[in-house]
Amino acid sequence: MIAARPESFARRPTQLTGRFYGLIYGTARLEAVLKPFRQALLSIFLLASASASALQFRPAVNYAVGPSNPRAAAVADFNQDGIPDLAVVSTNGTQSVSILLGNGGGTFQTAVNYDAGGPSQPIAIGDFNNDGKLDLAVGNLAGTVSILLGNGDGSFQPPLSYPVGACSCALVAADFNHDGNLDLAIADSTDNKVDVLLGKGDGTFGGPEGYPTPAIPLGLALGDFNDDGNVDLAVTSAAAQGIVAVFIGNENGTFAVGDSYLVGREPISVAVGDLNADGKLDLAVTVRDLTPGRVDVLLGNGDGTFAPTARWYAGASGTICVALADFNGNGKLDFAVVDQVLNGIVIRRGNGKGGVRPGHLFYPTGIGADFVVVADLNGDGAPDLVVTNNTSDTVSVLLNEGRP
Ligand SMILES: [Ca+2]
Ligand SMILES: [Ca+2]
Ligand SMILES: [Ca+2]
Ligand SMILES: [Ca+2]
């Protein structure tokens, strides 16, 4: 049975100039007052922008996940049928990993929940025991990281848990030490460090090795920022002044402290991509503690250092998560930014230089929109969106139908 449960998303996606942004994205009460005016404006702007971009997403389709307060999601083919599936982690309850198997065409089955060793926050996917079946790594609020080995049919084994820092906020997996086994890095926002666990290739891990970070590390992303073949890390820290700290990977899986960069207050998430097409990886960081919400861009120099370059506004406020993809197929990376206050996702088209082109698209998701991940869910080659909704306990799927 298909669990698709479209909520009332009759509203058309809005594409607007910044000037009218505040008008459109006011409070719900203001929204009601402004509705007739807004619709008139929308029709004008939709007409005006119709030829500017073919970019368009279908309205969100929301699926229930459990037990409650979903916080992150990942996309992979767990049952090996060639169709992407969803894994969603929740910060409440023990059955905190929900698996939604894909039907094809971008729809998903009813969630099946698994014990992940306790309430969970971040998730990463990989084949941690090298058996050809994808597994889950889940950070638990109780101070452990749990591995759920996949059976290859979409089901998972009971969790194997490893002690790490007190609060796992973000988690990435890659082979840091070039031994062919996936390793883990976990941001610990209570003890202010990144824990690195080297994989043994059988689903177990050594470590952790802790690397101190600036206070309250919340976001974590990986990439080879200095092009030496070793994975490097970027960590956002929500200290008094927001900071992005870079750790440069060594060939043996250890990390050296790199440079740090000031960004806006409360940088929650960081995404990696080559925004200006110079072959060097760049960073996009969401800054939450601002109205309107902001994204700060740091362009990579290719040697592990970055140049803070562009700052632009992405939503009314509460910009909490960012993902990068070329949504309209013009060869330039675009931005998908979760707006936690407006409960939806803002799409801004990249200008190929780290900045954005004028205009926005906005799509409502569920209440408590929190996290976004990008993947081609229906196999048409265009990147789609998955957004977790922390309050309505749903995951939203938005299919990209804008590409020719
Ligand atoms: Ca496996
Ligand atoms: Ca390894
Ligand atoms: Ca590197
Ligand atoms: Ca670049």
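Among contacts in the protein chain between residues at least 6 apart in sequence, 49% join residues at least 24 apart, two residues being in contact if their C-beta atoms, placed from the backbone, lie within 7 Å. The structure is a predicted model, in which local features need pLDDT of at least 70 and side-chain atom pairs count only at pLDDT 80 or more, while totals for chains, interfaces and linings use all residues. Residues are numbered from 1 along each chain as its sequence is written, and chains are lettered from A and ligands numbered from 1 in the order in which they are written.

The protein chain contains two helices and 30 strands; helices (H or I, at least four residues) and strands (E, at least two) are DSSP runs, numbered from the N terminus. Of the 404 residues in the protein chain, 55% are buried. A residue is buried if 20 or more other C-beta atoms lie within 10 Å of its own, exposed if 12 or fewer, and partly exposed in between, with C-beta atoms placed from the backbone. The largest nonpolar core has 120 residues, such a core being a set of buried Ala, Val, Leu, Ile, Met, Phe, Trp, Tyr and Cys residues joined through C-beta atoms within 7 Å. A137, V244, I345 and V372 have the most contacts inside this core. Residues up to four places away in sequence not counted, V372 touches C321, A323, A336, V338, I345, L385, V386 and V387.

Four strands form an open sheet in the order β1-β30-β29-β28, with antiparallel pairing; two strands pair if DSSP finds at least two bridges between them. The edges are β1 (61–64) and β28 (369–375), each with a single partner strand, so one side of each is left without a neighbour in the sheet. Neighbouring strands of this sheet are turned by 25 degrees against each other on average, direction ignored; axes are lines fitted to C-alpha atoms, for helices over the stretch in contact, and angles run from 0 to 180 degrees between N-to-C directions. Four bridges connect β1 with β30 (residues 394–398) in the antiparallel sense, and V61 has V397 of β30 as its bridge partner.

The loop between β1 and β2 (68–76) holds P67, which is partly exposed because it has 16 C-beta neighbours inside 10 Å. P67 and N92 are 25 residues apart in sequence, yet their C-alpha atoms are 6.4 Å apart. Neighbours within four places in sequence aside, the contacts of P67 are S90, N92, G93, Q95, S96 and N113.

In strand β10 (residues 144–148), five of the five residues are buried. T144, S146 and L148 point one way from β10, and V145 and I147 the other way. Strand β9 (residues 135–140) runs antiparallel to β10 and is joined to it by five bridges, with N140 opposite T144. The hairpin of β9 and β10 has three residues between the strands, and G143 there takes a positive phi near 95 degrees. β10 is also joined to β11 (residues 160–163), by four bridges in the antiparallel sense, and V145 stands opposite Y162.

Most residues other than glycine have a negative phi, and most peptide bonds are trans. N192, in the loop between β13 (183–188) and β14 (193–199), has a positive phi near 55 degrees. A277 has a positive phi of about 55 degrees and lies in the loop between β20 (267–273) and β21 (282–287). The peptide bond from G207 to P208 is cis, with omega near 10 degrees, and P208 is found in strand β15 (residues 205–212).
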